[in-house]
Amino acid sequence: MEAQRVLWINAGGSAELNAVAAPWHIVCRPPAAALKELQNWHFDAILLDFPLPPWTPIELLESIKSVAPETPILIRHPEATISDAVRWAHMGAYQVLSGGEEPSGLLDHLLADRTGRQAGGSTYAGPEEWASLLVGTSPAMRRVYHIIRMVGSRRATVLITGETGTGKEVAARALHQASPRRGGPLVSVNCSALPETLLEAELFGHVRGAFTGAVQTRAGRFEQAHNGTLFLDEIGEMPADLQAKLLRVLQEREFERLGSSETVRVDIRVVAATNCDLARKIEQGTFREDLYYRLNVVPLHLPPLRQRRGDIALLAAHFAAKICGLERLPLKTVTAEAVARLSGYAWPGNVRQLENAVEVAIAMSGDRLALAPSDFPLAAPARFRQDESRGPLVSLPDTGLDYEQTLAVIERSILEQALERTGGNKKAAADMLGLKRTTLSAKVRSLAPVAVCE
């Protein structure tokens, strides 16, 4: 196998990595020389070894991405925080290492990852077992892989956001499998599925006689998740009284069962998920701001399917294989014509709706092994649909309105939301909106003041 070329950028422009696998050929350069090297030569990976004065990670990442946008970047930084790692992942970093970690093993993983993708693999991540839970190679999904890879081994609380049907529970399972707690339990609870009185007992447990019907002592979900992961789905629907109790558990990792004064301590990782705008709920006074910051230590946003259309073919094939296996049917394939039809649909129900559509298609196809466009009874394609029960998106007053100003307000709101969700990363925000980075930058300048982070 031909040696893979790695550009190692460090302050001295020289050094040696210990136990680097044979397929890697290391080229060491200081930052300025490395940027010139990137303009003339192809590299399979880049390792940034900070500190690199006067460069900051963000400045150097942006400079590298402008020259070699597809080259995976590893960052080794002795003072990197989880927030730093997430921000750099949004900018395209493959992995972030602490100062003392040896990158040779990760380079091996990266090589396996690239080899798998070149061979037509269905996922972006390398040989990690958790990666098999996720499907997709789009830039939006690559950012999801990056973040899970970086924070999986930590105990930090993760807040997963995204529309209904984007796969938040699957991402929570991947986080659990990517952690040292994978041998422990993964316990899930839907905060919107139970009334407040039952939800409190479900979370914290109760002793015998704590309330009518409590005929025996029962451990709650927090206790059940000891040494594992607790997944709190629909966290935005948690009642106000319970939010205060949850805040204490997140801070202290201890609580009391209902009807008991005995303190129970647990060692758990908490992953929460929501499809609602928690910032709006904070403004409305229905969600605690301090709880939001305690939950949102690591933000993980799952893109809607309309922003990752390149993954539709992989997802459809994945679901077809899954469903045929469960139904003990011969494997059915999705024709190119059917993929084109699926790719043109808006998918308001996201990945969950696509899975249902594939299941219907398999049932309607009879004995045929190829799924045709006619097997997918989809509504007329539409990128956006208006909810008629809520009325028009913008209400036109009888006196009229300023058309250009109204459009500017709507556009500013969309830009601000995209930049907020991507931590101010213009490249990631542009990908989310289906724009070029230069186009987004021009729009931001024309609609100033819109707060962004370069």
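1. Two strands are said to pair here if DSSP finds at least two bridges between them, and helices (H or I, at least four residues) and strands (E, at least two) are DSSP runs, numbered from the N terminus. A word on the source: this is a predicted model, in which local features need pLDDT of at least 70 and side-chain atom pairs count only at pLDDT 80 or more, while totals for chains, interfaces and linings use all residues. Residues are numbered from 1 along each chain as its sequence is written, and side-chain values use heavy atoms, with hydrogens and water left out.

2. Let's start with the sheet that holds β6. Five strands line up as β7-β8-β11-β6-β12 in an open sheet with parallel pairing. At its edges are β7 (186-190) and β12 (298-301), each of which pairs on one side only. From one strand to the next, the twist averages 20 degrees. Axes are lines fitted to C-alpha atoms, for helices over the stretch in contact, and angles run from 0 to 180 degrees between N-to-C directions.

3. Inside that sheet, four bridges in the parallel sense connect strand β6 (residues 158-161) with strand β11 (residues 269-274). Contact here means heavy atoms within 4.5 Å.

4. There is another open sheet to look at, with five strands in the order β2-β1-β3-β4-β5 and parallel pairing. Its edge strands are β2 (24-29) and β5 (93-97), each pairing on one side only. For this sheet, the strand-to-strand twist averages 20 degrees.

5. Strand β3 deserves a paragraph to itself. Is this strand buried or exposed? Five of the five residues of β3 (residues 45-49) are buried, so the strand is largely enclosed by the rest of the structure. Buried means under 20% relative accessible area, exposed over 50%, and partly exposed in between, using a 1.4 Å probe and protein chains only. Ala45, Leu47 and Asp49 point one way from β3, Ile46 and Leu48 point the other way, and all are buried.

6. Now for the neighbours of β3. Strand β1 (residues 4-9) runs parallel to β3 and is joined to it by four bridges. In that pairing, Leu7 has Ile46 as its bridge partner, and Ile9 stands opposite Leu48. Strand β4 (residues 73-76) also runs parallel to β3, again with four bridges, and Arg76 of β4 stands opposite Asp49.

7. Which residues have the most contacts inside the largest nonpolar core? They are Leu48 and Ile160, in a core of 50 residues. Helix α5 (residues 139-151) gives the most to this core, with seven residues. A second, separate core has 29 residues, including Leu203, Leu232, Val249 and Phe287. A nonpolar core is a set of buried Ala, Val, Leu, Ile, Met, Phe, Trp, Tyr and Cys residues joined through side-chain atoms within 4.5 Å. Not counting residues up to four places away in sequence, the residues that Leu48 touches include Ile9, Leu60, Ile64 and Ile75.

8. Next, helix α3 (residues 82-90), where the buried residues are Ile82, Ala85, Val86, Trp88, Ala89 and His90. Just after α3 comes Gly92, with a positive phi of about 115 degrees.

9. Finally, the aromatic pairs, of which the structure holds six. Rings of Phe, Tyr and Trp (its six-membered ring) pair if their centres lie within 6.5 Å; planes under 30 degrees apart count as stacked, over 60 as edge-to-face and the rest as tilted. The Phe222 and Phe255 rings have centres 5.8 Å apart and planes at 50 degrees, so this pair is tilted. Phe222 lies in helix α8 (residues 221-224) and Phe255 in strand β9 (residues 254-256), so the pair ties together parts 33 residues apart in sequence. Phe222 is buried at 0% relative accessibility, and Phe255 is buried at 2%. Ring pairs link Phe204, Phe222 and Phe255 into a cluster.

10. One more pair: the rings of Tyr292 and Tyr293 have centres 5.3 Å apart and planes at 70 degrees, so they are edge-to-face. Tyr292 is buried, with a relative accessible area of 18%, whereas Tyr293 is exposed at 52%.
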